[in-house]
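Have the viewer open as you read.

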Amino acid sequence: MRTSRIFFVILLMVVFGTLVLTLLVPRLMFRDSTELMPQPSNVEYTRWELPEGAKARLGKGSINDIKFSPDGTRFAVATTIGVWMYDAKTGTEISLFKGKRQNIEGVAFSTDGRLVTGASSAGKILRWNADTNELRSIIGNEKISTLFSVVFSEDGTKLVSVSSPNHKIRLWNLGDGTTSPTITDINPDFKNGHLTAIALSPDKRVLATAIDAWKKVYPIQIWDADTGERLLTLKGNLRRIESLVFSPDGKTLASGEYKTTKLWDIDTTTARATFKAPTSSYALAFSPNGKLLASGGDANVRLWNAETKQEGWQGAINKFLPTLTLKGHKAGVSTLAFSPDGKILLTGSKDGTIRAWDSITGRQQFACPGHTSEISEIAISDNGNTLISVHSQKNQLLHWDINGGHHLSGYYFRNKNKRPEAISPDGKTLAIKDWWAKNTLKLWNTSKKRIKATLKGHEDSPSKIPNFEFSLDGNKLATTGTQQGITVIHLWNIPNQSQPFLKRLFFNSKTMRPIYTLKGAGSVLTFSSNGKMLASGSRDKIIRLWNVETGNALFTLTGHNKQITAIAFSPNGKSLVSASYLVIYLWNVETGQLLIKSQPMSTAKILQFSPDGKIVVSGRYDGTIQLWNARTLSLLSVHIGHTSWVNALIFLEDGKTLASASEDGTILLWDWEKIK
């Protein structure tokens, strides 16, 4: 009897535990991670090197590379908007180097520390005075228009790059920068793959490359860095190589691949040690004495004993443990740099921070915030005092103090399968694509940090990201999809309240279906200011106008000869502007008549009317902003400030400030009275 009771109690516990896990785990997995950002000692840097007419810059751009000065007192950070200099003891911003804003892929100090050399994605090599921040020279090659996967020698006199066209590997001998560089091409077999990692030995004599050849074996090739001759091949890799780095003496090469880091002996061409980690190593760095190897891939950084022999750990082969694990970042680590004495390790993360660690104790010394990733959308909240930026690629939201110019908090979605895509203009509602639940969208309450509704209606859509557009008041949402093979637009009513906890716990969030499904393509969508009209434009070169309250079609506007890239209603809703390749069009939406079109210019990524309707603002793919007369579509002015696509334009402070957000990870606040 007693045994049966015990069995019954155990059975009840199992049933209850299963029920709890079934109900709670899916919700706990969707919990966000909110962090108060480290605040800078001052925010003067938000006004450094601004374009004419701008009054502040929010964000410092994405981190591409980090290098210490030879004396270890400073470090330079190459970003998508230029090079930043920091104090290595405190992490305080010293300067943003002068010159046109450019995406700098890699950076290096000269041996004496007086010069800083950077390689831009536009194929230019730039040199600055490290003390005055003045641009000394710009050199390049007319045949090279793009650089990526850049690696400098330690003294900045040699550069290895992958460049376009044709994805060629090039060795640049830069010299002192006063003459044109000599360039040597290296031609590995790219017919069946592409380059994934490159490394240059400290003595600048040897180059290592890794190619993903879509085969079972991905060999590492070693090249003569002067002649471009292939010297040898390291075989035995069964996984894609993500990173390469030489030891200080050049005798060992570390390679990072799937959950594994290997140490290769160059003389014997064999792997002498294998380190296992939970994730792939996308960044590697040796300490100056070669005794430590740092690896970064996920949010944690691991330090390994690089002198370990292949003897295993506790008798188990390939089970070496890191000597230290550095925890503090909220997203993957992509850049590593040891100080010249090896005591400090700098880690650059996709969470937008650079952190300094004691390489002996593992203690964090300081954090440098503000290096934001590409921005997809922005919104205003808190009565116009706070700006919210959406970073879709990094599953992140950031809150900015508009007046102070710094982060207030960061907001990360731990579950990478749920990705923020669009935010309502008032910043209250976020649209999220759920990759786990097939073709499901969720609405997220940004203030209460929980799901407010689940949208059902994209069941027939392909598993790609739909296009989104909120109405100005945030009460309506338009999304694109397919239904029985036909392209459609779904219209949704947005609920004001998210559901109570117990109701969400046992019955999921509120499930909604569209109020209307409109048959028509929509690569770009926009609501009129009063929310009563919806316009859609697409690759079929047609703009369609819809009555939001009835779902009825109103007009089709024809006249474009290329794909439509952007559309926007005037404040009074009587006219509409649209952009396609090189041209902007102005339409009367009451009659469907084309009024005028602009002279050919660069293609607009986004359009926005000024609050008084007199000026049209266009954000271009090249990062520039153009102002147009809204009646004649004559060009008024061009403003250069971003280095990549302008993804969002909104007006703040009753039209006194224009905010532009870009793929370069920054928001520029423009003084509207000055630039208009």
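This is a predicted model: local features need pLDDT of at least 70, side-chain atom pairs count only at pLDDT 80 or more; totals for chains, interfaces and linings use all residues.

Of the 676 residues in the chain, 55% are buried. On the secondary-structure side, you get 58 strands and three helices. If you count contacts with a separation of 6 or more, 44% of them are between residues 24 or more positions apart.

Now to one of the sheets. β3, β4, β5 and β6 line up in that order as an open, antiparallel sheet. The edge positions go to β3 (63–68) and β6 (93–96); each has a single partner strand, so one side of each has no neighbour in the sheet. From one strand to the next, the twist averages 20°. β3 runs antiparallel to β4 (residues 74–79), and five bridges hold the pairing. One place to look is Ile66, whose bridge partner in β4 is Val77.

What does β25 pair with? One partner is β24 (residues 292–296), antiparallel over five bridges. The two make a hairpin with four residues between them, and Gly296 sits opposite Val301. The other pairing to check is with β26 (residues 324–326), again antiparallel, through three bridges. There, Leu303 has Leu324 as its bridge partner.

On to the charges. Side chains of opposite charge can pair when their charged atoms come close. The model has 14 salt bridges, including these:

| Salt bridge | Closest N and O atoms |
|---|---|
| Lys60 – Glu93 | 2.7 Å |
| Asp65 – Lys67 | 3.5 Å |
| Glu242 – Arg240 | 2.9 Å |

Where do Lys60 and Glu93 sit in the chain? Lys60 is in the loop between β2 (54–58) and β3, while Glu93 is in strand β6, so this pair links distant parts of the chain, 33 residues apart. Are they buried or exposed? Lys60 is buried, because its relative accessible area is 0%, and Glu93 also counts as buried, at 10%.

Asp65 is buried at 14% relative accessible area, whereas Lys67 is partly exposed at 26%. Likewise, Glu242 counts as buried at 18%, while Arg240, at 33%, counts as partly exposed.

Terms used. Residues are numbered from 1 along each chain as its sequence is written. Side-chain values use heavy atoms; hydrogens and water are left out. Buried means under 20% relative accessible area, exposed over 50%, partly exposed in between (1.4 Å probe, protein chains only). Contact means heavy atoms within 4.5 Å. Two strands pair if DSSP finds at least two bridges between them. Axes are lines fitted to C-alpha atoms, for helices over the stretch in contact, and angles run from 0 to 180 degrees between N-to-C directions. A salt bridge is a side-chain nitrogen of Lys or Arg within 4 Å of a carboxyl oxygen of Asp or Glu.
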